[in-house]
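Please go through the structure shown here alongside the report that follows.

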Amino acid sequence: MRTPQLVQADGLPTEVTIYEVGPRDGLQNESAIVDVEVKAEFIRRLVDAGLRTVETTSFVHPKWVPQLADATELLAKLELPDDVRAPVLVPNERGLDRALASGVREIAIFASATETFAAKNLNSTVDEQFAMFTPTVERALNEGLTVRGYVSMCYGDPWEGDVPIDQVVKVGARLVDLGCHELSLGDTIGVATPGHVTALIAAFTAAGVSTDKLAVHFHDTYGQALANTLTAFREGVTTVDSSAGGLGGCPYAESATGNLATEDLLWQLDGLGIKTGVDLPKLVETSVWMAEKLGKPSPSRVVQALAG
């Protein structure tokens with residue numbers, strides 16, 4: 001299997017963390033409901049390929065995300081190595097109860113930077129969402145869990161259009177103040193460009209949120225995800241979310257690609273000599289296998305190129 005020629009570049013980290021979201025953010029946006037045994041095998045294969053942070057599932061009410069209704073059953077089937085982080089998404093205290101009962105040690109919460117998405121996705125306002133998050137985060141921290149915060153609509157909103165940078169920073173900083181150890185900045189509809197990425201990271205830094213607390217989560221709707229990720233690395237961010245095989249479409253842009261494919265990211269990182277600990281050929285094999293289970297080809301350009 002071909003590999004990229006190694007040519008390093010200045011101004012980049014020597015090592016980065018890939019936060020794999022395929023089993024959760026990827027599968028929850030697929031129309032098909034995947035059998036729990038297939039999900040468990042998918043996660044095992046991702047770990048075998050070298051991924052050490054794999055977001056496994058979500059404890060959102062099954063009515064809203066039927067694709068992940070088997071969260072408890074799935075986690076009961078997993079016996080992962082001690083060095084693997086397996087966070088889950090929880091929306092509220094009820095979700096936290098279920099996560100704790102399953103032995104979860106790391107959770108993520110999901111916030112909105114805009115009023116319209118907060119109303120549609122969380123049935124609240126931007127301010128009111130914190131009334132839901134606060135007891136959830138406090139309890140999780142008291143139980144010894146670590147908590148990640150997602151902020152959606154950081155670069156644009158399909159209903160409101162442009163999103164002011166200070167509005168995003170205000171929401172993100174409140175999550176950090178609550179106790180989130182990491183903040184993932186989501187380009188939910190894939191409209192970000194490198195200059196915007198630089199400005200947003202600089203604004204967080206100016207507000208006292210250092211780059212070691214930031215992660216980036218780009219969608220490739222307009223083909224900008226890799227350029228935006230490289231920009232974030234140059235600004236000091238070293239954690240990036242991606243989805244094996246590019247799983248998960250963008251729900252607000254018909255026929256658009258969704259999550260940044262982990263393989264596409266790895267091709268770039270391997271060529272730059274940036275360490276990830278992930279075996280690209282093994283990951284390609286995993287995504288080809290998963291694509292067969294879903295009955296459709298992977299949108300990842302690297303998977304398509306390497307798998308023939």
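## Helix α9 and the glycine after it

Gly-236 follows α9 and has a positive phi, near 105 degrees. The model is a predicted one. Helix α9 itself spans residues 225-234, and its buried residues are Ala-225, Asn-228, Thr-229, Thr-231, Ala-232 and Phe-233.

## Helix α11

Helix α11 runs over residues 280-294, 15 residues in total, and covers 21 Å from its first C-alpha to its last, close to the 21 Å expected at 1.5 Å a residue. Just after the helix comes Gly-295, with a positive phi of about 75 degrees.

Buried positions in α11 are Leu-280, Leu-283, Val-284, Thr-286, Ser-287, Trp-289, Met-290, Ala-291 and Leu-294. An α-helix has 3.6 residues a turn, so residues three or four places apart point the same way. The buried residues of α11 pack against α2 (36-48), α10 and α12 (301-307).

## Nonpolar cores

The largest nonpolar core contains 84 residues, and Ile-107, Leu-175, Phe-204 and Met-290 have the most contacts inside it. A second core, separate and made of eight residues, includes Val-21, Leu-68, Leu-89 and Tyr-150.

Leaving aside residues up to four places away in sequence, Leu-175 touches Ile-109, Ala-111, Phe-130, Phe-133, Gly-149, Tyr-150, Val-151, Cys-180 and Leu-183.

## Thr-114

Thr-114 sits in the loop between β4 (106-112) and α5 (115-122). Thr-114 counts as buried because its relative accessibility is 0%. Its side chain makes a polar contact of 2.6 Å with the side chain of Asp-157.

Besides Asp-157, Thr-114 touches Val-126, Met-153, Glu-160, Val-163 and Gln-167, not counting residues up to four places away in sequence.

## Cysteines

How many disulfides does the structure hold? There are zero. Cys-154 is in no disulfide, and the nearest cysteine sulfur to it, that of Cys-180, is 13 Å away. For Cys-180, the closest cysteine sulfur is in Cys-154, and 13 Å is too far for a bond, the cut-off for a disulfide being 2.5 Å.

Both of these cysteines are buried: Cys-154 has a relative accessible area of 1%, and Cys-180 has a relative accessibility of 2%.

Terms used: Residues are numbered from 1 along each chain as its sequence is written. This is a predicted model: local features need pLDDT of at least 70, side-chain atom pairs count only at pLDDT 80 or more; totals for chains, interfaces and linings use all residues. Side-chain values use heavy atoms; hydrogens and water are left out. Buried means under 20% relative accessible area, exposed over 50%, partly exposed in between (1.4 Å probe, protein chains only). Helices (H or I, at least four residues) and strands (E, at least two) are DSSP runs, numbered from the N terminus. A nonpolar core is a set of buried Ala, Val, Leu, Ile, Met, Phe, Trp, Tyr and Cys residues joined through side-chain atoms within 4.5 Å. Contact means heavy atoms within 4.5 Å. A polar contact is a pair of N or O atoms within 3.5 Å; within protein, one must be able to donate a hydrogen and the other to accept it, and residues adjacent in sequence count only if both atoms are side-chain atoms. The expected span of a helix is 1.5 Å times one less than its number of residues.
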